[in-house]
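Q: Could you walk me through the charged pairs and the core of this one? I'll ask as I go.

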Amino acid sequence: MNRASTVRRFTTAVFLFALTGSAALADTTVRVLRAEVPADEKAYYDTIVKEFETTHPGVNVVFEYLANEAYKQKLTTLLQSNQKPDIIFSWAGGVLRDQAAAGVLEDISASFTGNWASSLSPASVQAFTVNGKVYGVPLGASDVVFWTNKELAQKAGINPEALKTWSDFLDAVKKAKAAGVTPIVVGGKDKWPLHFYYGYLMLREAGKAGLAAAIAGKDDGFAAGPFIKAGKDFKQLLALEPFQPGFMDTTYEQATGQFGDGKALFHLMGDWDYGTSKQNSVTGKGVPDDKLTTVRFPAVPGGDGLPSDTFGGITGWSVIKGAPPEAVEFLKSLSSLENQKKGGAAGIFIPVANGAETAITNPFMRKMSEALGASTYHQLFLDQELGADVGATINDVAADLAQGATTPEEAAKTVQDAWSTH
């Protein structure tokens with residue numbers, strides 16, 4: 001064989017390899033499943049995806065969205081099917097632990113090292129760590145507050161800044177009703193928004209130590225006095241009929257839109273509600289920023305929790321077992337300091353990358369970020385912290401309390417029974 005033939009064959013082989021190699025690369029698709037978010041957050045992800053695909057030729061990243069409640073209900077089934085995604089959105093906690101124990105998540109500890117690991121706050125990383133193994137990458141911190149319509153507060157003669165205790169808040173509800181203002185809008189049909197009241201009151205009554213003791217199964221667990229008291233506190237509010245008519249037939253998406261339409265004074269919800277309440281309002285603009293404020297969940301005198309204890313979550317992403325290695329690479333890009341700063345600057349989430357908080361420009365997000373920074377204890381959403389099954393029970397119990405279908409004592413016992421047998 002002469003040199004020319006050899007060169008031609010070599011050139012042809014390289015060309016064919018390039019074609020087949022490109023085809024193989026083009027087949028690498030990373031599917032990301034996310035609970036529904038506002039348009040600005042989708043645009044944020046789209047930008048990051050385009051940048052990633054530019055630097056990773058042949059890799060396609062596709063985001064898919066499900067309504068919040070549908071996401072929670074369908075996720076377990078999806079993860080057991082042939083249609084499972086490569087990356088899922090996660091609220092960490094017991095649900096993450098259950099998924100790790102079930103073997104559906106990828107242990108990414110070997111990749112999550114060095115500068116990448118040290119760039120994110122230790123608390124956020126710990127939320128995605130199970131038995132020393134890392135099963136996810138944090139996105140942001142979540143903080144639950146009372147989003148408050150200042151115009152309606154003024155109409156009712158209420159000073160939001162003066163609402164410091166539970167009795168202060170109950171008095172505000174009474175004033176709102178007397179002024180013909182709907183005090184609170186809530187998506188009772190989805191149940192988890194009602195758990196925010198019950199869970200936050202548990203934190204105020206039991207405190208960090210009491211919750212840790214209940215989770216550890218000590219004494220009477222979730223049937224102990226502070227948890228019964230939390231139910232009684234909730235019933236104090238419910239006795240005032242604070243919610244909009246038909247609240248148990250209202251979804252979260254509908255409720256946040258109603259708040260955005262100016263139909264209620266308060267909406268107890270996480271930081272994400274800033275964007276969602278605007279998007280879901282009739283106008284798409286929601287309550288103007290100059291008529292909007294936030295009120296921290298009030299203190300409960302006599303409870304073991306501190307007023308500076310916060311309730312919310314650490315959100316992020318987990319890689320599903322068998323996902324291509326490009327899934328981990330994408331999360332590395334998504335969680336970079338640069339992208340965390342972009343998310344913080346856009347008011348999409350409260351970033352967890354060290355130093356990214358300096359980029360927060362939205363005054364509401366900055367206020368919550370400061371509260372989280374000063375938090376004496378941050379309790380994860382209890383419907384996530386306690387795992388999917390017990391979490392569903394606590395949501396059910398909160399809804400039953402709201403409808404008068406159970407007593408505080410029965411509610412506490414139901415949660416404890418579920419926890420003790422989980």
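Q: Is Asp-289 buried or exposed, or partly exposed?
A: In this predicted model, Asp-289 counts as partly exposed, at 35% relative accessibility.

Q: Which residue does the side chain of Asp-289 meet in a salt bridge?
A: The partner is Lys-278, at 3.1 Å from N to O. Lys-278 lies in helix α12 (residues 273-279) and Asp-289 in the loop between α12 and β8, so the pair ties together parts that are 11 residues apart in sequence. Lys-278 itself counts as buried, at 14% relative accessibility.

Q: Which residues do salt bridges with shared partners join into one network?
A: Glu-51, Glu-338 and Lys-342 are joined in that way, and the structure holds 16 salt bridges.

Q: And what does Arg-296 pair with?
A: Arg-296 forms a salt bridge with Asp-143, with the closest N and O atoms 2.8 Å apart. Because Arg-296 sits in the loop between β8 (292-295) and β9 (310-319) while Asp-143 belongs to strand β6 (residues 137-149), the pair ties together parts that are 153 residues apart in sequence. Asp-143 is buried, with a relative accessible area of 0%, whereas Arg-296 counts as partly exposed at 27%.

Q: Where does Arg-34 lie?
A: Arg-34 lies in strand β1 (residues 28-35), and its side chain meets that of Glu-41 in a salt bridge (2.9 Å, N to O). Both Arg-34 and Glu-41 are buried.

Q: Switching to the core, which residues touch the most other members?
A: Within the largest nonpolar core, of 130 residues, they are Trp-317 and Phe-330. Helix α9 (residues 192-215) gives the most to this core, with 12 residues.

Technical notes: Residues are numbered from 1 along each chain as its sequence is written. This is a predicted model: local features need pLDDT of at least 70, side-chain atom pairs count only at pLDDT 80 or more; totals for chains, interfaces and linings use all residues. Side-chain values use heavy atoms; hydrogens and water are left out. A nonpolar core is a set of buried Ala, Val, Leu, Ile, Met, Phe, Trp, Tyr and Cys residues joined through side-chain atoms within 4.5 Å. Buried means under 20% relative accessible area, exposed over 50%, partly exposed in between (1.4 Å probe, protein chains only). Helices (H or I, at least four residues) and strands (E, at least two) are DSSP runs, numbered from the N terminus. A salt bridge is a side-chain nitrogen of Lys or Arg within 4 Å of a carboxyl oxygen of Asp or Glu.
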